Amino acid sequence: MDLDLKDKVIVLGGGAGSIGSALSIVLKQEGAEVIVADIKQEVDLSNPLKVERFFGKLKRKYPKLDGYCSLVHGGGAGKGILETSPAEIDQEIKGTLLAAF
């Protein structure tokens, strides 16, 4: 397969999970430079200040980013909806939806 990704810089937001790991392998096989941004690696994509800091550092190393793929999913707190507070729901929604921006 040739996806024309040789030397392209791709950021995988939320890419430390199983889907992100699999996608990372494929992108690397296609010649892309893959950067994983994930809460597991202390990159909180739901926090605008941390996002700005992360991409600022990234831009110094890679002046041109060629792609971004958001795989972010809040995942829930392991509780049912009735046991989840409004603040927890708000955080999950923000973390999932806003991480792409």
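What follows is a chat about a predicted model of one protein chain.

Visitor: Hi! What does the secondary structure of the chain come to?
Guide: Hello! In this predicted model, the chain has three helices and three strands. Along the sequence they follow the pattern β-α-β-α-β-α.

Visitor: And what order do the strands take in the sheet?
Guide: The order is E2-E1-E3, in an open sheet with parallel pairing. Strand E2 (33-37) and E3 are the edge strands, each pairing on one side only. From one strand to the next, the twist averages 20°.

Visitor: How many bridges join E1 to E3?
Guide: Four bridges link strand E1 (residues 9-13) with E3, and the two run parallel.

Visitor: Which residue in E3 does Gly13 stand opposite?
Guide: Gly13 faces Ser70 there.

Visitor: Which strands does helix H1 touch?
Guide: Helix H1 (residues 18-29) packs on the sheet and touches E1, E2 and E3. The direction of H1 makes about 175° with that of E1.

Visitor: Okay, new topic: aromatics. How many aromatic pairs are there?
Guide: The count is two aromatic pairs. One of them is Phe54 with Phe55, an edge-to-face pair with 5.0 Å centre to centre and 85° between the planes.

Visitor: Why does that pair count as edge-to-face?
Guide: The planes of Phe54 and Phe55 are 85° apart, and an angle over 60 degrees counts as edge-to-face, so the pair gets that label.

Visitor: Which residues form the aromatic cluster?
Guide: Phe54, Phe55 and Tyr68 form one cluster.

Visitor: Let's switch to charges. How many salt bridges does a search of the whole structure find?
Guide: Two salt bridges turn up. Lys6 forms one with Asp7, where the closest N and O atoms are 3.9 Å apart. Asp66 and Lys64 form a salt bridge through their side chains, at 2.8 Å from N to O.

Visitor: Are Lys6 and Asp7 buried or exposed?
Guide: Lys6 is exposed, and Asp7 is exposed too.

Visitor: What about Lys64 and Asp66, how accessible are they?
Guide: Lys64 counts as exposed at 55% relative accessibility. Asp66 has a relative accessible area of 30%, which makes this residue partly exposed.

Visitor: I'm also looking at Thr84. Where does that one lie?
Guide: Thr84 sits in the loop between strand E3 (67-70) and helix H3 (86-97).

Visitor: Nice. Zooming out, what share of the residues in the chain is buried?
Guide: Buried residues make up 28% of the 101 residues.

Visitor: And what does the accessible surface come to?
Guide: The chain has about 6,900 Å² of accessible surface, and 58% of that belongs to carbon and sulfur atoms.

Visitor: Last one: what share of the contacts comes from residues 24 or more positions apart?
Guide: Among contacts with a separation of 6 or more, residues 24 or more positions apart account for 59%.

How values were computed:
Residues numbered from 1 in each chain as written. Predicted model: local features only at pLDDT ≥ 70, side-chain atom pairs only at ≥ 80, totals over all residues. Heavy atoms only, no water. Salt bridge = Lys/Arg side-chain N within 4 Å of Asp/Glu carboxyl O. Buried < 20%, exposed > 50% of the residue type's maximum accessible area, 1.4 Å probe, protein only. Contact = heavy atoms within 4.5 Å. Areas by Shrake-Rupley, 256 points an atom, 1.4 Å probe, with all protein chains shown as cover. Phe/Tyr/Trp six-rings, centres within 6.5 Å; stacked < 30°, edge-to-face > 60°. Pairing = 2+ DSSP bridges. Axes fitted to C-alpha atoms, helices over the stretch in contact; angles between N-to-C directions.
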